[in-house]
Amino acid sequence: MSGTEVRVLGEVEIRVGERILALGPPRQRRLLAALLIQPNVQISTGELISRVWNGSPPARVHNALYSYVSRLRAVFQDSDRLVLTRGHRGYVVIVDEDDIDLCRFRGLVARARKSGSDRRRAKQSYEAALSLCRGVPFVDVDAGWLVDLRARFAGERLGAELDLFDICLREGKSSELLGPLNHYAAEHPLDERIAAQLMTVLCRHGRQADALRRYAGLSRRLRNELGVDPGTRLVELHGRILSGACP
């Protein structure tokens, strides 16, 4: 059979070669999501029931769950790299984690962070990881229990992007970062790392006054909202910009 791709960073898709498999109705997709967030780990029947029916199971729920399991098994027959099996207390999807984009993303980010001084290898790994992101994980699955995973992944993705921006800044590249950093600064107005990167880009483009205003605004908000002063890195960067030395 052709290669299998399980894509969850956006709408959920299972691709086998050039084909996209039909994953069925909303509850069947919830079951699939509940199994895929912990691949190769047995999930108890009770936990699956809670997740598939969002805590409000119907009568004869075990029969309904088994029906969805049977349908997913039929879907998986089109791939030789996906198996849905029953254990002593629940169900598990057996899959090579490299076939799942979320797992692959995390593996690539971990590889980038272990690259040490090999900046080129780190950059390639970050870019490969970020290219997998098509949107909010499991965006087409209506389930409140996915909120934590989505929030956690948003932080992972932002961290990877900021790591990549750091590499670009060390390479002297900055013009293409201005738009994304302005966007992230608006979304995360108290994030000192984003502020430092944005101040660096502004300074390099002759906008020292804007960089200093950015620092003043952040300092004011940190004191008013959190009762803290800017960290050492930001203070030092501010001093360099004041002295006319762009980082």
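This is a predicted model: local features need pLDDT of at least 70, side-chain atom pairs count only at pLDDT 80 or more; totals for chains, interfaces and linings use all residues.
Student: How are H8 and H9 oriented, roughly parallel or roughly antiparallel?

Tutor: The axes of helix H8 (residues 192-204) and helix H9 (residues 208-226) come within 7 Å and cross at roughly 165°. Angles over 145 degrees count as roughly antiparallel, and the crossing angle therefore makes H8, relative to H9, roughly antiparallel.

Student: How many nonpolar residues does the contact of H8 with H9 hold?

Tutor: On the H8 side the contact includes Ala195, Leu198, Met199 and Leu202, which meet residues of H9, among them Ala211, Tyr215, Leu218 and Leu222. The residues of this contact divide into 1 polar, 3 charged and, as the number asked for, 9 nonpolar.

Student: Is Asp166 buried or exposed?

Tutor: Asp166 lies in helix H6 (residues 147-170), and, leaving aside residues up to four places away in sequence, Asp166 touches Arg193, Gln197 and Arg233. The relative accessibility of Asp166 is 17%, and the cut-off for this class is under 20%. Asp166 therefore counts as buried.

Student: Which residue in E6 is the bridge partner of Val83?

Tutor: Strand E5 (residues 82-86) and strand E6 (residues 90-95) run antiparallel and are joined by 5 bridges, and the two strands form a hairpin with 3 residues between them. Within this pairing, the bridge partner of Val83 in E6 is Ile94.

Definitions and conventions. Residues are numbered from 1 along each chain as its sequence is written. Side-chain values use heavy atoms; hydrogens and water are left out. Axes are lines fitted to C-alpha atoms, for helices over the stretch in contact, and angles run from 0 to 180 degrees between N-to-C directions. Helices (H or I, at least four residues) and strands (E, at least two) are DSSP runs, numbered from the N terminus. Angles under 35 degrees count as roughly parallel, over 145 as roughly antiparallel, 65 to 115 as roughly perpendicular and the rest as oblique. Contact means heavy atoms within 4.5 Å. Ala, Val, Leu, Ile, Met, Phe, Trp, Tyr, Cys and Pro count as nonpolar, Asp, Glu, Lys and Arg as charged, and the others, Gly among them, as polar. Buried means under 20% relative accessible area, exposed over 50%, partly exposed in between (1.4 Å probe, protein chains only). Two strands pair if DSSP finds at least two bridges between them.
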